[in-house]
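Student: I have a chain open on my screen and would like to go through how it is put together. Can we take it piece by piece?

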Amino acid sequence: MGLAGSDAGTRMDRPGLVQPVELRSLLSGTGLISSSAGPGLNRSDSGGCPNSIATRSVMREHVGVTGRLPNATALGKALRREIAALEIAASCDATDLWAASRDCSSAGLLWTKARVSPHPPDVVAWPESAEQVAALVRLAGKQRVPVVPVGGGTGTAGGAVPLRGGIVLDTKRLTRPLRIDAGRGAVDAGAGTNGKRLDELLSKERLTLGHGPPSLRTATVGGWLATRSAGLLSSRYGTVADMVLSLTAVDGSGEILRTLEGPSAGPDLCKLLLGSEGTLAIFTEVRLRIWRRPRERWLRAVRFGSLQDALAAVREVLRSGLRPHIASLHDPLDTLFAGTDPLRVPQPLKWLAEGAQAEALRLALRAPLLLNRLIDALPGSSLVVLGFEGDTEDDTAQEGEAALVICGKERGEDLGAAPAEWWLASAHRAPWRQAPLFAAGAFVETLDVATTWPRAEALYHAVRRAAEGQALVRAHFAHAAPEGCGIEFTLLGLAGGTAAEVSSVPRDEAESDLERAQEARDAVWNAALTAVADEGATISHHSGVGSSRQAFLHRELGDGMRALRALKQAFDPHGILNPGKLLS
Ligand SMILES: Cc1cc2nc3c(=O)[nH]c(=O)nc-3n(C[C@H](O)[C@H](O)[C@H](O)COP(=O)(O)OP(=O)(O)OC[C@H]3O[C@@H](n4cnc5c(N)ncnc54)[C@H](O)[C@@H]3O)c2cc1C
């Protein structure tokens, strides 16, 4: 499990990172290979995720488009020998170093377009147990070498990128134990367990974890814990932090920590480690709460004349005590894309969303302010999709009808179930469709933030104002709870040449193009995050801080930074766990 099934028999020979279809999809999506490269192109939901990808054969086939692959270093070769002596699989193969040098952040996709690998690790290792992880960390501690845990590599904050080289500790072989105990309502899973695999196994037993992020197919359980992930169903089931019952982790001294299930004395060690992004400890196993899978589902799309009315309706639904499993609210532009009828999206906007017409996209993105204003001037509405789960149709319908009454009070128009079903069918695919935009010379950033209900609308407008001069801005509101909600912004801006152009220019020109692209991206990113911090909102709801939001963490935590730094020193005295992320 964790590794692709077909590789299972040869795992020791090829510890590598598997899933060639995903690599093909990634490269194809960036326009770096032709779509004739193989089956599955652009179809994999998990395309674009380099760390979980790549058989050597596929990598070699495309070495010409990945750029120069990283060379094995003397340090890497020495580490590989020492790691192998611990009976842990390890590799300095250039293809493994390349695949472990990036995640799904926009920075990673820009590197891929420019065919550079600025941060390769020295070696990649695949431990199979908590004891092996502990041995690896002790080895790294003695030599003061960084250890960067990597699960599926779907993180979007640069958290899994080995900024200072060292050992990438790939968790995909940490797939034991896997024990489902329906009676107890718990599953034990290794940290490297693939999300989709876990979901399928639970589903067979008519059970569910209630966690459904679009990255489910590729992300790992350990990655969820490390980023405190939240999925589509969070309004009913909570975030991963609400699902964890106990865990096993290895700290920076190589000590194995096991937390107790149930109430804990004193501060809760388990909760303390969640969201620490590999900087305090490496998760190896976890016990998660599971539920009986509900038999029935009720879904509805409701249209509101204004964002304000839509926000009031969702807030009141949650405050009334109802617990929808889906509560997704879209701003007017997002409503056009995520909305009720795909045919209603004006064609030029479709080009913008899909990157199908590179020239049109680039032209439009040269004047983002004008573009944002033109879209504001379109007759707009805000779509809300609501869903309820239960064991009987009566139960779900009763809750659904109660929610519709609340929506009616805020002037919501019930559009029925069909548009909501259409929305749900595309909800998991949409976030993966970014690669063509990068290939067309744009960047896409997703910024997930959160605040309380009274501040939500002001936060939305503040981020739009801050970013609208530099990028097309759309947003949806998710993870609704009685006290507040998350907002997920998508920022689409101009970022250098197209992939085709970049591939045909000399190396130094490609690097200058990358620099310009990064500057454009950084400018809008910093403007948006400054607005978030000014509004007193959290800078990351579920994607982590990584390296991309680090500069803003002090704005949120203030003096709390001191306490967190002391914790870092206590858990990781040699400073080897994922350096350069979150705190440092
Ligand atoms: C298209 C797309 C959609 C997404 N949608 C969502 C969404 O709806 N909700 C959501 O929460 N996230 C979403 N994400 C982000 C991402 O999937 C999550 O952050 C996920 O939890 C990362 O898991 P991973 O296994 O891929 O971790 P990685 O990307 O490998 O690592 C992420 C961070 O966790 C650390 N880490 C990984 N494994 C461990 C471990 N065992 N112990 C300690 N630290 C570890 C890494 O060092 C890094 O800092 C999305 C990503 C993409 C590409």
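Tutor: We will go from the whole chain to its cores, then to some helices and single residues. Keep in mind that this is a predicted model.

Student: Fine. How many helices and strands does the chain have?

Tutor: The secondary structure comes to 24 helices and 18 strands.

Student: And what share of the residues is buried?

Tutor: Of the 584 residues in the chain, 59% are buried.

Student: What about contacts between residues at least 24 apart in sequence, what share are they?

Tutor: Counting contacts between residues at least 6 apart in sequence, 76% join residues at least 24 apart.

Student: On to the inside. Which residues touch the most other members in the largest nonpolar core?

Tutor: F477, F489 and L491 do, in a core of 77 residues. Helix α22 (residues 507-534) gives the largest share of this core, with eight residues. Domain 1 (20-170) and domain 3 (301-534) each supply at least three residues to this core.

Student: What does F477 touch, not counting residues up to four places away in sequence?

Tutor: F477 has contacts with L307, L311, A327, S328, L329, A456, Y460, C485, G486 and I487. There is also a second, separate core of 40 residues, and its members include L198, L207, I290 and A427.

Student: Switching to helices. At what angle do α4 and α7 pack?

Tutor: Helix α4 (residues 74-85) and helix α7 (residues 130-143) pack at about 140°, and their axes are 10 Å apart. The crossing of α4 past α7 is right-handed.

Student: Which residues make that contact?

Tutor: On α4 they are L79, E82 and I83, and on α7 they are L136, L139 and Q143. By class, that contact has four nonpolar residues, one polar and one charged.

Student: Now α6. Why is α6 called largely enclosed?

Tutor: Helix α6 (residues 106-114) has eight of its nine residues buried, so it is largely enclosed by the rest of the structure. The buried ones are S106, G108, L109, L110, W111, T112, K113 and A114. Just after α6, R115 takes a positive phi of about 60°.

Student: Stay with A114. Why does A114 count as buried?

Tutor: A114 has 6% relative accessibility, and the cut-off is under 20%, so A114 counts as buried. Leaving out residues up to four places away in sequence, A114 touches V502, A510 and L514.

Student: How far apart are A114 and E509?

Tutor: A114 and E509 are 395 residues apart in sequence, but 9.6 Å apart in space, C-alpha to C-alpha.

Student: What about R521, buried or exposed?

Tutor: R521 is in helix α22, and at 9% relative accessibility R521 counts as buried. Apart from neighbours within four places in sequence, R521 is in contact with S106, L110, F443 and E445. S106 and L110 are among the buried residues of α6.

Student: Last one, E393. Where is E393, and is E393 buried or exposed?

Tutor: E393 is in helix α17 (residues 393-409). At 57% relative accessibility, E393 counts as exposed. The C-alpha atoms of E393 and E296 are 5.8 Å apart in space, while the two residues are 97 residues apart in sequence.

Definitions and conventions
Residues numbered from 1 in each chain as written. Predicted model: local features only at pLDDT ≥ 70, side-chain atom pairs only at ≥ 80, totals over all residues. Heavy atoms only, no water. Core = buried A, V, L, I, M, F, W, Y, C linked by side-chain atoms within 4.5 Å. Buried < 20%, exposed > 50% of the residue type's maximum accessible area, 1.4 Å probe, protein only. Helix = DSSP H or I, 4+ residues; strand = E, 2+ residues; numbered from the N terminus. Domains from an automatic or database assignment. Contact = heavy atoms within 4.5 Å. Axes fitted to C-alpha atoms, helices over the stretch in contact; angles between N-to-C directions. Left-handed = near helix turned anticlockwise from the far one by under 90°. Nonpolar A, V, L, I, M, F, W, Y, C, P; charged D, E, K, R; others polar.
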